[in-house]
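Me: I would like to learn how to read salt bridges in a model. Could you take me through the idea and then through some cases?

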Amino acid sequence: TDDQRKALSCVALFEPLGKDDSVKDEYEYVTHHRYIHRILEPDQEIVDILFHDTLQDYERRQLVEHNGMCIRIRPVLLAEWLSEEWIQLNGDELANVIQNIQAEDTNLSTRLLASMSKRFKGLRESPYAQSVVDKIAATGFFQEERIAFTNAGSQLFLSMGQVSPAAVASNMYALLQKKSISWLKNEMDYRVRRNWVWALTNIVVDADAFPDAARAMLLLAIAESEHYANNATGQFKQLFHIMLSGTMAPYEPRVALLEEMYEKGVDRHLIMDAIRNAYTIQGVHLDMNDGIKDEEGNLREYQPETYGDIHRYWMSCKDLLEKMATEDDAYRKEIREWLPKCLRDMCEQRSWVVYEKILESFYREGEDWMEMYKGVTHYLEYGLIAPDLRAKLKEWQQKLEPKDFCNRLNQIQIDAFSDRKRSFEERWKYEAELVRPMVREFID
């Protein structure tokens with residue numbers, strides 16, 4: 001009957017739904033609130049009997065699974081189809097349902113919203129679910145602080161963000177903008193922050209949601225209070241890798257975001273770290289999440305059409321580094337410290353042309369750059385390098401030879417011990433030969 005179908009649909013809305021013992025309050029809540037089950041019968045006793053008989057009947061047919069204290073509709077496709085039907089018919093009331101659940105006892109509301117969130121994760125491809133979430137987002141529902149900044153309510157971002165990423169990202173960013181950095185850092189509940197970071201990590205995969213989701217992640221990164229590797233700062237910097245970035249957004253909006261950060265005076269070290277990630281290729285890993293794979297399990301990842309796309313991305317990053325270097329010499333010094341670490345990656349990706357332009361931007365004739373000299377010398381000794389590139393690197397090695405007396409002593413040690421063909425005794429003797437002229441120079 002129609003009422004039996006309604007009973008199954010509202011049960012399917014939760015994955016799973018507690019029924020017995022310590023979680024029986026979930027079942028009682030669903031069966032005793034008409035705004036969820038939508039059954040018009042005024043007599044609650046009749047409604048209880050309807051639920052009992054319907055679930056018992058379908059459990060015999062093995063379409064309801066009663067595992068431990070909880071029940072769920074199975075198979076999953078049937079449960080998702082019934083949930084989608086409930087949303088299609090009652091989607092306008094979903095915001096009220098969530099608000100009413102949120103108003104309940106904290107323990108109960110947390111469990112119910114977690115189960116509802118888990119169901120929504122499976123409805124990512126549902127047009128009805130997306131339409132409902134868009135409508136809810138348009139009302140400003142996700143900007144309700146009593147929902148967004150509670151542990152139970154913030155879990156909804158995890159699921160609904162995958163159903164309609166752009167709409168939810170816009171609301172999340174708008175809500176964070178209303179808060180001060182101090183509040184986000186010191187007063188935001190740590191569980192809520194975790195839910196927000198996880199949600200944004202899923203949402204930012206979507207190219208259309210990238211601008212707002214990345215900005216929201218940036219605000220949390222500026223107000224960082226966690227020490228995990230996958231905190232907001234780590235997830236934000238990951239977005240700028242050329243591969244395994246965790247987003248389908250092309251390089252242009254990423255550069256636009258970096259330039260926006262620069263113009264707004266965002267912490268330069270965060271911008272430099274993001275650009276450093278753009279130039280880092282080896283050792284890159286992706287923090288996996290629910291939104292990073294499609295229904296077939298394939299990685300949802302931006303793939304540049306040509307090498308030219310990567311080249312333009314790197315050159316745009318170079319231009320931004322140059323701006324920061326001219327703004328403050330301390331930034332220039334910091335950039336010169338980490339650029340040598342990108343040498344191997346860039347060369348092995350056949351990107352010497354780009355890297356050389358970066359070198360030319362930060363090299364000053366007559367000024368020692370020992371980090372880069374060490375990097376070039378080490379790579380010449382240990383890298384597998386094509387003849388034409390080796391010749392170029394040799395030119396730069398000569399150009400980078402230090403002028404300062406102490407740095408020249410350091411250079412001798414680097415040169416003496418970079419030749420693997422010599423034994424340790426031979427290296428010591430060779431170093432002594434190189435040092436003698438320096439000793440005379442020092443005495444004179």
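Predicted model: local features only at pLDDT ≥ 70, side-chain atom pairs only at ≥ 80, totals over all residues.

Me: What counts as a salt bridge, and how many salt bridges does a search of the whole structure find?

Reply: A salt bridge is a side-chain nitrogen of Lys or Arg within 4 Å of a carboxyl oxygen of Asp or Glu. The search of the whole structure finds 25 salt bridges.

Me: Which parts does the pair of R5 and E85 tie together?

Reply: The side chains of R5 and E85 meet at 2.6 Å, N to O. R5 lies in helix α1 (residues 2–12) and E85 in helix α5 (residues 76–90), so the pair ties together parts that are 80 residues apart in sequence. Helices here are DSSP runs of H or I with at least four residues, and strands are runs of E with at least two, numbered from the N terminus.

Me: Is E85 buried or exposed?

Reply: Buried means under 20% relative accessible area, exposed over 50%, and partly exposed in between (1.4 Å probe, protein chains only). E85 is buried at 16%, whereas R5 is partly exposed at 37%.

Me: Where does R72 lie, and where E15?

Reply: R72 and E15 form a salt bridge at 3.0 Å, N to O; R72 is in strand β3 (residues 70–73) and E15 in the loop between α1 and β1 (17–18), 57 residues apart. Both R72 and E15 are buried.

Conventions
Residues numbered from 1 in each chain as written. Heavy atoms only, no water.
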